[in-house]
Amino acid sequence: MFSVLICDDSMVARKQAAKCLPDDWEVQIHFAKHGGEAIDALKEGKGQLLLLDLNMPIMDGYETLENIIKEGIDTKVVVVSGDIQPEAHERVKALGALDFIEKPVSKPVLKKILLANGVLEEVKEEVKNEPAVDALDPDVRDCYQEITNIAMGQAGDHLARILNVFVRLPIPNVNLIEVSELHMMLQDIELKDSVSGICQGFVGPGISGEALFILSDSSFGDVARIMGINGQVDDQVQLELLMDAANILIGTCLNGLASQLDLYFSQGHPVVLGQHRSISELISSNKLRWKRTLAIELSYGLEGYNVHCDLVLLLTEESMKAMNYKLSHLLED
Amino acid sequence: MEELDDLDDLAEFHWMMDMLQTVDVGIVVLDTQFQIRVWNAFMESHSGLLPSQVRDRNLFQLFPEIDQAWLRNKCRPVFELKNRAFITWEQRPYIYKFPNYRPITGTEDFMYQNVTLSPLTGATGKVDHMCMMIYDVTDVAANKKRAEAVEVTLNELKEKTGHRSM
């Protein structure tokens, strides 16, 4: 069977890319969190097609492309990135990538590119224009992305000031996801026991949601160093670090969003996910209440450190009404 | 007429203060030097210290058992970034060592506390005070500890009987 390898440090982006593969295409899907994992998987023959992100920790997309050439690995690479700078486009093509897709990837675009590059063969005359039922209006998405960008800029600045480090700012990933996908996304966390998570509810007039903060466990050593903690980084210290980082990131991000939406968010007390209760339990109790959720995902990195964390803001579908109303001045043409 | 309005305002202020006093959550207002400015009835009852005994006193002098460096660190984002900060009982069971709210039927010796630190902005727009809210989460903590103990026992039983697939 044809194998597709999806390499992205953001789990939502990985799921999103997997979801955008053509429906009728029978493929085996593999995932990698960074270039290093991708190269290993490619050597095992797990990736006749590679969907590659550029900004990743450990080994980024450019280095991955270089390594593919150096090691003479046979694979077709399509770069999927939020880096919209023209040089990025040129550079990856020079390094052998077939094509470049801007994030967030969509089904029609991916299909078109796969067809254009001969990766996918046209099946019959299947040109029926699927109405994008669950797709977010591009203008709305753009607007959410922009206000999150601004909020993240503030959050990054705050984090940088408190920690005295340079923060690589993420490009927010905004998607409407089904509960089943949220389930998948969170199970992904449960399967890898190497992450710790905190979740915190927030509510404002007409808007409600939860913030999910996930820190990879390999980051704790460096986070402790940055925070100036000497000695053993045991479970208790890790929990402190997790709470501190979550407080700053969730708090400043919500503050930034609230000021742009001109409202106030109440924040519930954070709950420790990893230790508190199993993630499947958490989802099963929410299953009936949620149909779809607006997910804003942010992957942070710290320059010069092996620190990686994800902040996911999940908003109820109903919240979008209130948000769109508040943002109507931005949404108008 | 104006006098009546003033009276109304005064009455409103009175019951607002009453509410702040009687709400069953600990409320402490601290300035940037950690001097206590507000100490509500919850704090008074559980600590046994009157507001007059703590007002304008330094928090760390009154409660030397509080880890000063640790708490100052938690408060930095509140004062510097206008950010709310949260401390869960799992990090530290309590900030103030208070006895259990239910001294007879309670199973724990002391009150487990969740703490919220919230910035208070002055007239100049600068954060010059901070509100510390103390929530009693003893029941939550006790239930969680019990659930974990049950899980451990269950796992031991499973190991013994070899029903790992249970």
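Tutor: Two residues are in contact if their C-beta atoms, placed from the backbone, lie within 7 Å. Keep in mind that this is a predicted model.

Student: With that cut-off, how many residues of chain A are in contact with chain B?

Tutor: The contact involves twelve residues of chain B. On the side of chain A, the count is 15 residues.

Student: Which helix gives the most to the side of chain A that touches chain B?

Tutor: α6 and α9 of chain A each supply at least two residues of that side. One of them gives the most, with eight residues. That helix is α9(A).

Student: How do the residues of that side of chain A divide by class?

Tutor: Take the side of chain A that touches chain B. One residue is charged and six are nonpolar. The polar residues number eight.

Student: Are α6(A) and α9(A) parallel or oblique to each other?

Tutor: Helix α6 of chain A spans residues 138-163, and helix α9 of chain A spans residues 235-261. Their axes come within 8 Å and cross at roughly 140 degrees. Angles over 145 degrees would count as roughly antiparallel. The two helices, α6(A) and α9(A), are therefore oblique.

Student: Is the crossing of α6(A) and α9(A) left-handed or right-handed, and how many charged residues has the contact?

Tutor: The crossing of α6(A) and α9(A) is right-handed. α6(A) contributes residues including Ile147(A), Ala151(A) and Leu159(A), while those from α9(A) include Ile248(A), Thr252(A) and Gly256(A). By class, this contact of α6(A) with α9(A) has eleven nonpolar and five polar residues.

Student: Now chain A as a whole. What share of its residues count as buried?

Tutor: Chain A has 13 helices and 13 strands. Among its contacts with a separation of 6 or more, residues 24 or more positions apart account for 70%. Of the 333 residues of chain A, the buried share is 41%.

Student: Which strands are at the edges of the parallel sheet in chain A?

Tutor: The sheet is open, with five strands in the order β2-β1-β3-β4-β5 (chain A). Neighbouring strands are turned by 20 degrees against each other on average, direction ignored. An edge strand here pairs on one side only. The edge strands are β2 (27-32) and β5 (99-102) of chain A.

Student: Which residue of β5(A) stands opposite Val79(A)?

Tutor: Strand β4 of chain A covers residues 76-81 and runs parallel to β5(A). Four bridges join the two strands. Opposite Val79(A) stands Phe100(A).

Student: What angle does helix α2 of chain A make with β1(A)?

Tutor: Start with helix α1 (residues 11-19) of chain A, which lies across β1, β2, β3 and β4 of chain A at about 150 degrees to β1(A). Helix α2 (residues 35-43) of chain A also packs on the sheet and touches β1, β2 and β3 of chain A. The direction of α2 makes with that of β1(A) an angle of about 165 degrees.

Student: Which residue is the bridge partner of Gly209(A) in β13(A)?

Tutor: Strand β9 (residues 207-216) of chain A is mostly covered, with eight of its ten residues buried. β9(A) pairs with β8(A) in the antiparallel sense over ten bridges. With strand β13 (residues 308-316) of chain A, β9(A) pairs antiparallel over seven bridges. In β13(A), the partner of Gly209(A) is Leu315(A).

Student: Which residue takes a positive phi in the hairpin of β8(A) and β9(A)?

Tutor: The hairpin has two residues between the strands. The phi in question is near 80 degrees. The residue is Gly206(A).

Student: Turn to chain B. Which strands of its sheet are left with one side without a neighbour?

Tutor: Chain B comes to six helices and five strands. Its open sheet has the order β2-β1-β5-β4-β3 (chain B), with antiparallel pairing. The edge strands have a single partner strand each, so one side of each lacks a neighbour in the sheet. They are β2 (36-39) and β3 (85-87) of chain B.

Student: Which residue of β5(B) is the bridge partner of Ser118(B)?

Tutor: Strands β4 (residues 113-121) and β5 (residues 127-136) of chain B pair antiparallel over nine bridges. Helix α5 (residues 68-81) of chain B lies across β3, β4 and β5 of chain B, at about 30 degrees to β4(B). The partner of Ser118(B) is Cys131(B).

Definitions and conventions:
Residues are numbered from 1 along each chain as its sequence is written. Chains are lettered from A and ligands numbered from 1 in the order in which they are written. This is a predicted model: local features need pLDDT of at least 70, side-chain atom pairs count only at pLDDT 80 or more; totals for chains, interfaces and linings use all residues. Axes are lines fitted to C-alpha atoms, for helices over the stretch in contact, and angles run from 0 to 180 degrees between N-to-C directions. Angles under 35 degrees count as roughly parallel, over 145 as roughly antiparallel, 65 to 115 as roughly perpendicular and the rest as oblique. A crossing is left-handed if the near helix is turned anticlockwise from the far one by less than a right angle, and right-handed if clockwise. Ala, Val, Leu, Ile, Met, Phe, Trp, Tyr, Cys and Pro count as nonpolar, Asp, Glu, Lys and Arg as charged, and the others, Gly among them, as polar. Two strands pair if DSSP finds at least two bridges between them. A residue is buried if 20 or more other C-beta atoms lie within 10 Å of its own, exposed if 12 or fewer, and partly exposed in between; C-beta atoms are placed from the backbone.
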